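Please look at the sequence and structure first.

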Amino acid sequence: MATALIFFLILLLGCRWIWSVVNDTPDHPQASAGILDMRGWDFEQSHSIPLQGDWEFYPGQLLARAGFGGQKSGHIQVPGNWASSLKVSPNPSFGYGTYRLRILVDPAPAGAYGFWIERILSSSEVEINGQIAAVFGEVAAEAALYQPVTRSYTATYKGEPADEIELIVRVANYSHPDLGGIVKNIRFGSQHAIDKERSLSIALQLVTLMILLLHILYAGILYLFNRNEAALPVFILLLAALSVSIASDHDSLWLQWLPLNDSWALKIKLLAYLFSPFLMLLLIRHLTDIQDRQKSIHWFAAVLGMFTVFVLLGPPLRLYYYFEGIYLFLYLVPFIWFFHTTGKLIIRKYKHSLYLLFTASAVISSLVWGLIQILSKDSGIYYPLDLIVALIGFSSFWFKKYFQNAKDNAELYRKLSESDKRKDEFLANTAHELRTPLHGIINLAQSVFNSEPAGEQALQSRSNMEQLILISRRMSHIVNNLLDLSRLRDHRFDLHPGPMSIHSAAAGVADMAQYLMKDKPVSLSVEIPADLPLAWADEKRVVQILFNLLRGALAFTDNGSISITAESLDDALLVSVSYTGCGIAAAELDRNYTAYEYVNEDTGGIGLGLNISRQLVELHGGFFELSSIPGVASSFSFTLPAATGDSLEAAPDTIFAAGNDTALISIAATDQQDSGDVEFGPRSSLLAQQKLNILAVDDDPVNLKVLADILSSGQFQVTMAGSGSETLDLLTNSEVEWDLLIADVMMPHMSGYELTRRVRKRYSHSELPILLLTARNQIEDIYAGFTAGANDYVAKPVHAAELQYRVWSLASLKRSVHERLKLEAAYLQAQIRPQFIFNTLNAITALSVIDIDQMHDLSEAFTTYLRISFDTVNSGQWVKLGDELELIRAYLHVENAILKEPVSIRWEVEADLTLSIPPLILQPFVENAVNHGFTGHNRSKELHVRIVDQPGSIHVQVRDNGTGMEDSLIRELLNPTRHSNRGAGISNTNRRLLQRYGRGLTITSIPGEGTEVSFEIPQ
């Protein structure tokens, strides 16, 4: 940004420098004592020159050429204020006088000289060589006769060739109390040069005005189209203020177009300059949506408004004399505020703020050069570039913002298109999800049919089965709703009309609605005459329409009645679904026709029913209408064409056969029935001894019931959970060894993916397999499932036999791994070191000679150790804490008998010895401490076994004062994925604790001081 700013400033200043060079005034003599010697000057090839220097001045006198004889003159610096020469009070610039300058030139052929009077306050007459060249206003010695006209003008001399041009300017001022006379340069040159320069100046002003007016025009048109864009009226007012300031200053163009007196011209000019910076500040705030210091803006606007009223109503004299300071304050503060705001936006790196920086730079340039012109008292040719650049900066910022908004809109459109695509995917996914309850109903019905021999079912059971099948048929329409909406929008929807009975369709829908009504105190009636003519329509779609409307009516009716009626019109049937529910407000009626819109958010749904129903009715050639009186009653009405005689004759006989839904249900039921009880392949006797424990989790109880029925064979024991948190609780607190976890992916609060990730923190893939069930089977879903840690992934609905085989395969794998781990743990215990046995037997032999009693004690301890060790190999999943401690005591007694330096053991047991714990959960730490913990140890060997009760758990701790371990070794031992045989006992115990309780070992060790191993056993 800094580079761009430097480049811009160089460009801006370079343009100003080029302008100055092109229009530079050449070096020229200055007037002295009222005489300017221009002899030898080439007027035809030079620019005009300012008539600066000492002029003759006659204060209080209005003299003509013939009246200068004998008059004593003074001298005054031109341009400048004549207040010091008039010497009057209280208004030092009020008065009149005559300026005189004699210009010496070379006699030349007949030609014309021109004078460009930039500004004289306030009325003036110009006389050249005795000829009146220009009169502006009324020059008079009395204020009552005086008439001010302040503007830029030219005067021309076309006389005989002369060697001297006498310029006389008579001036009167009773308007400006502190400034009067020739206050800006009078430029002199050939008439061609003067006309060229002034014409160029006026042309540039006109071009600038045209640019501003065109901007006002297009901004006004844009505002007519978009009244909400608050920046547009501010922009229009700013352009108008700038236009007025240009037209009222410099050459005062508008005074040539409008009949304004000097007083109103001054007031409008002051207000134009006063409002320009304030409007510029407001514009940048609107464009950047800055909302801070709003109260300050309002206060400043109020002060500015009051001052504006005073300017319009007050006399010009007071404006100049008393309120110049207030005017400067109100003029400069918005500029400072504008620059401050621009700097703040740049610091904050506001998007496209570089253009605002360019604008601020151009404004500063205009202010600085304007001040230079004021100080030099020379307006010269109008320079428009700063203002145009500032305008271009504002416009560029605005256009850039517009294009950015257009780009954002395009990006938004792209995202909306992607969202629309995801919506289509959502429709497909939802349709698949809605197939799941249909699949569950079919499997439940089939399970009931298979539970009893055919022909022995009671009438009520058969009726229930028929109702379940009926519901499954109707539920298929819910699935089709989503797919139909997509086909309707893509114009890929085909109807299969035929003669159908509205009464039959309405009755079927009413039967299904009994299931939907649940325990609602709502009465449903079908009031359709039996002799109602047949309709010519697609029966499947009419049922879909009625079902959607009935669902909508139930959603709005908590207590009351719903009725389905129909009547015959000339060539159509009018069907109505009326209800006495809460109704819909008139303002909300149109929203109900829009997909994914629903008025009553408490009713839920995705807002498809009415939209699909309306489109289906229109495809049939009918009309759809929703009428409602809030709090009284509402009705959905639609028409269908009646079946005429010709259409009945053309209809095939098969139209009265069962619909496709029955066939679909029969196929699904047949598939399920054919599967029967699955006989699995060869199994080991080890796996055949116990049932496989299956933990199934789904938030839908129906799905759980279906899953339990499918896995109802004697080989599986299914436990059901309704949520992920309940599943984790069962895994932590239940004493069951789970062989398989079956989880639904789409569950509230904790998805199947999240549940899988949490379980994988405690169990590896082989220790607890996980089978995910979901209605989605797209590649990204399968990838997400396996990434989370699933062993298998099955899309619903799934064939029962396939599911049974997958469950058996995964559960058997886990059981095999479990048995292997169990045998591994027992093997570690049973793998008594030969050296240990040899040393123990030697010790018993030696004690038989030395100390018979001690020999008996050692033999008893060794026998106890061997007995408990072998019993543990054949034990189940749990042992008593007392048995584990007895094994450890026997082991330590034997070790102390054969060790050269016995181990000092301190017991601190304050826990229930009957507590069930996993086998071999404590002994490996004691054995490891005795055999490895004191290697290279020179101090006395101490071992502390501490088992104490804590709130909700038993704290177990084994501490020694041995050689200790490094942190790297501790991390290796506690890594559940390690493959080294080093420290296998500790790693195996840590893994079993993680699986059983969700918390493993805590090992702290200081090399050279000892090691502490602890864990918690929940009670």
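Helices (H or I, at least four residues) and strands (E, at least two) are DSSP runs, numbered from the N terminus. The model is predicted: local features need pLDDT of at least 70, side-chain atom pairs count only at pLDDT 80 or more, and totals for chains, interfaces and linings use all residues. Residues are numbered from 1 along each chain as its sequence is written, and side-chain values use heavy atoms, with hydrogens and water left out.

- M210 lies in helix α3, which spans residues 191-225.
- The relative accessible area of M210 is 47%, so this residue is partly exposed (buried means under 20%, exposed over 50%, partly exposed in between, with a 1.4 Å probe and protein chains only).

**Salt bridges**

- A salt bridge is a side-chain nitrogen of Lys or Arg within 4 Å of a carboxyl oxygen of Asp or Glu; the count comes to 17 by this rule.
- R39 and D37 form one of them, at 2.9 Å from N to O, and D37 is partly exposed at 34% relative accessibility.
- D249 and K269 form a salt bridge at 3.4 Å, N to O. This pair links distant parts of the chain, with D249 in the loop between α4 (231-248) and α5 (254-257) and K269 in helix α6 (residues 262-288), 20 residues apart.
- D249 is partly exposed at 23%, whereas K269 is buried at 19%.
- In the salt bridge between D792 and R806, the closest N and O atoms are 2.7 Å apart. D792 is in strand β25 (residues 792-795) and R806 in helix α23 (residues 800-830), so the pair ties together parts 14 residues apart in sequence.
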